[in-house]
Amino acid sequence: MLSLAKIFHLAVLRTPKLPPWTPEVAEFHWSWPQCSGASWQPGASWEQNGCDPLVCCCSFKGHGVFFTSRPGFCLVKTVDILEQFVREGGLSALMWEVCQQHAQAASPELQETLLNKVVCLPDHLSNKLRGENLPIFLPQNYFPLLGTEIIQVLQRISDSLRGGLDCSISFVSQVLGKVCVHGRQKEILSTLVPCLTDLTKSDCIWQRMCWRLVECVPDQIKIWEVGERADVLSRLLGNLVVKNKKAQFVVTQKLLLLQYSCPTAMLQNVLGYLALDNSRRFLLIKVLQELMETWASSSAVKHSPVEQQLYISKAILICLSHLKDVEIDSHRQELFTCVMEGMKCHLDSNLPRIRCLGMIVAESISSRINTDGPILKFQVRLKQNLSLLPRRCTIKVFAVGAVLCFLAWGRYISILKPVAAAYAVSEEGSDSELDSDDDFIPYDMSADKELKKTKAPLYIRDCIEVLTGPEDVEKWEATMRVLETLIQRNTAATQEVSVELAKVLLHLEEKIYIDDFMELRQKALVAVTVTDPVPVAQYLTSQFYSLNYSLRQRMDILDVLALAAQELSRPKAPGKSKLSSVQTPYIQILPGSDSSKDWRRIVDERIRSKTRRFAKVSRQVGQQSSVAGHFFFPLIQNFDRPLVTFDLLGDDHFVLGRLAHTLAILLYFAVNTVAAAAMGKALLEFVWALRFHTDSYVRQGLLSCVSSMLLSVPSDRLLEDVIEELVETQAWLADVAEKDPDGDCRRLALQNLLLMENLKTKLEAAPS
């Protein structure tokens, strides 16, 4: 080992101005005698005075000028000595001496002190030098150097073991583990792993040293990220997961079930490591069983974030790709049961991403365990992006690729559209080159329309007769396509039969196939609601809580009310209504001979003639102000009353989430209306009653309600009516933003807290 006496002699030779090493100087600067417990003898060396080199190193770093608060000459000199110590291999010599002493039961306090000083040396120097640190002590340079020093120590340990001498590797393991705990595993492992990978290819001693090195690491989760391939992990770690219970817990529980931040490549390496050796395959089956139980748990589906469920799904598909046919046969019934339970839980979820994820995993597992019989097939649009994968992909690549790409499909569409357009242009160009000798000019048929034998109805009552009468395919389709236009053109006739028409459209079923039937039906319902808002809104809201309606019809009612409220909230100039081009009939009163009856007209003309106007502004009015309450209050008053076939607080929580979103939309479009304050107060009570709902989609709707209330209700009315409720809501929002498992809920809660802060700032800035 490079002795400290040599280091200090070098320091004295390089710096003649340093004071002589008297007992007083030594006691003041480094406290050598106190550390060694010896009495100072003038003229003797450090070793003769009983100072152990390791103790001196600890005292040198922990008690001397290294920790002085005044950067000066002594501090700079100390840093120079430390730099020389590190460059000349002092760290490897230090660790080698500790490893030798550890075999002889050295002091644990000394080893702990050395461990902290070796690992935290860049931090200590940065704190003392204050931005003037040397390049060698920067973390990006120091820890790769430390990794090289560890390799040298391991080489000396290997030589010692080959010579039949005892040596301990635990201190090196502790150094490696502490570096990983401090978040510098990338720097040190980038140096260690390539060297260990080469050294363990054909040397059994190096392999056993690597196994022991990783086994003694306090936090092993970082070590599993080092392997580039599963076979490299198998060579570096051996059967560590079989022998060491802590390592087995890290692999089977901590990596897969207690976190979800590991990349897919790491999952493939870890699970491939379990599958490579027959003595570890029982752990692969155990992991698959635990993953399937978690995937099939309704509680996990409800309370786990989408990212974690995606992570578990990828791990399940990777495990399945490693199973042999014999293992699948022995666990077929168990897997089938988990698939059925998990598929039900995922299809019951209100989040579309969770449902699609469940379909992908169920299809993949079914195709793997039912090779001869029927397999599960779902008719989802997701099949389009799955078809982008190459057909010759193995099940492993197919499964992982499918799960990886389904959430990013929207991004792929934006990339593929320009490519498809360019491909279409190139195809057209090739066709034009082939037909360049054709002199005929193609006829423009873009404005042509399909000739139909059946004429579309011209009156609203005729449309009702067609929709409720016997089936006539062409007439029925023509009626559906012209109905919205007829409603907008004939407002007076529509108002006479508005409720009857809404009833027909609400119960209308698709008698023939039309591509956009649902869209045409919804537009017609919105048009009739906008034309006659109060009666139609009263009918629709009363039917929402009635018996004998499907969930689809109830959600159609919510969609129609939201779209109609949006349409009614748009300002329109008086006399220029979009929906009525036919004049309303009226009775004209002939002017009498008595001029006193026409006094108001005469006064208005005089005022108008004597008023000077610089600009003419048309007053914009909207209809939502007078009908907002008819849309809102009937929907919110009966949500807690279960029916025989409809229970919002029970199994129909998806409709409850849609109801919460719809109420938020209705309040948002009722801004600046008289009823907005009362609507906001009622909506806050609705939110407070359901704030602890277990479904994430419902909680998202409740948070949207809070946002709508803060944006739509005047701030003075909020402080006057619901000031105490706002304080309690703010505490609830802070709890949601910190603890809610759903990422969208946390984001909405943060947005609401920002809105509350903006409201508070606005009120403080307003004059009293």
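Helices here are DSSP runs of at least four residues, numbered from the N terminus. The model is predicted.

**View 1. Helices α16 and α19 cross.** Helix α16 covers residues 264-276, and helix α19 covers residues 306-322. Their axes come within 10 Å. The crossing angle is roughly 35°, and the crossing is right-handed. On the α16 side, the contact is made by T264, L267, Q268, L271, G272 and A275. On the α19 side, Y311, K314, A315, I318, C319 and H322 take part. Seven residues of this contact are nonpolar, four are polar and one is charged.

**View 2. F544 and Y545 form an edge-to-face pair.** Eight aromatic pairs turn up in a search of the whole structure. In the pair of F544 and Y545, the ring centres are 4.8 Å apart. The planes stand at 90°; angles over 60 degrees count as edge-to-face, so this pair does too. F544 and Y545 are both buried. Together with F646, these residues form one aromatic cluster.

View 3. A pair of aromatic rings is described by the distance of the centres and the angle of the planes. F654 lies in helix α35 (residues 653-669). Y697 lies in helix α37 (residues 696-712). The pair therefore ties together parts that are 43 residues apart in sequence. Y697 has a relative accessible area of 14%; buried means under 20%, so Y697 is buried.

**View 4. Arginine R554 sits over the ring of F646.** The charged end of R554 is 4.0 Å from the centre of that ring. F646 is also a member of the aromatic cluster with F544 and Y545.

**View 5. Arginine R280 sits over the ring of Y273.** Here the charged end of R280 is 4.1 Å from the ring centre.

**View 6. C210 lies in helix α12.** This helix spans residues 204-215. How is C210 placed, buried or exposed? C210 is buried, with a relative accessible area of 3%. Leaving out residues up to four places away in sequence, C210 touches L196, T200 and L236. L199 is 11 residues from C210 in sequence. In space, C210 and L199 are 9.9 Å apart, C-alpha to C-alpha.

Terms used: Residues are numbered from 1 along each chain as its sequence is written. This is a predicted model: local features need pLDDT of at least 70, side-chain atom pairs count only at pLDDT 80 or more; totals for chains, interfaces and linings use all residues. Side-chain values use heavy atoms; hydrogens and water are left out. Axes are lines fitted to C-alpha atoms, for helices over the stretch in contact, and angles run from 0 to 180 degrees between N-to-C directions. Helices (H or I, at least four residues) and strands (E, at least two) are DSSP runs, numbered from the N terminus. A crossing is left-handed if the near helix is turned anticlockwise from the far one by less than a right angle, and right-handed if clockwise. Contact means heavy atoms within 4.5 Å. Ala, Val, Leu, Ile, Met, Phe, Trp, Tyr, Cys and Pro count as nonpolar, Asp, Glu, Lys and Arg as charged, and the others, Gly among them, as polar. Rings of Phe, Tyr and Trp (its six-membered ring) pair if their centres lie within 6.5 Å; planes under 30 degrees apart count as stacked, over 60 as edge-to-face and the rest as tilted. Buried means under 20% relative accessible area, exposed over 50%, partly exposed in between (1.4 Å probe, protein chains only). A charge sits over a ring if NZ of Lys or CZ of Arg is within 6 Å of the ring centre and within 35 degrees of the ring normal.
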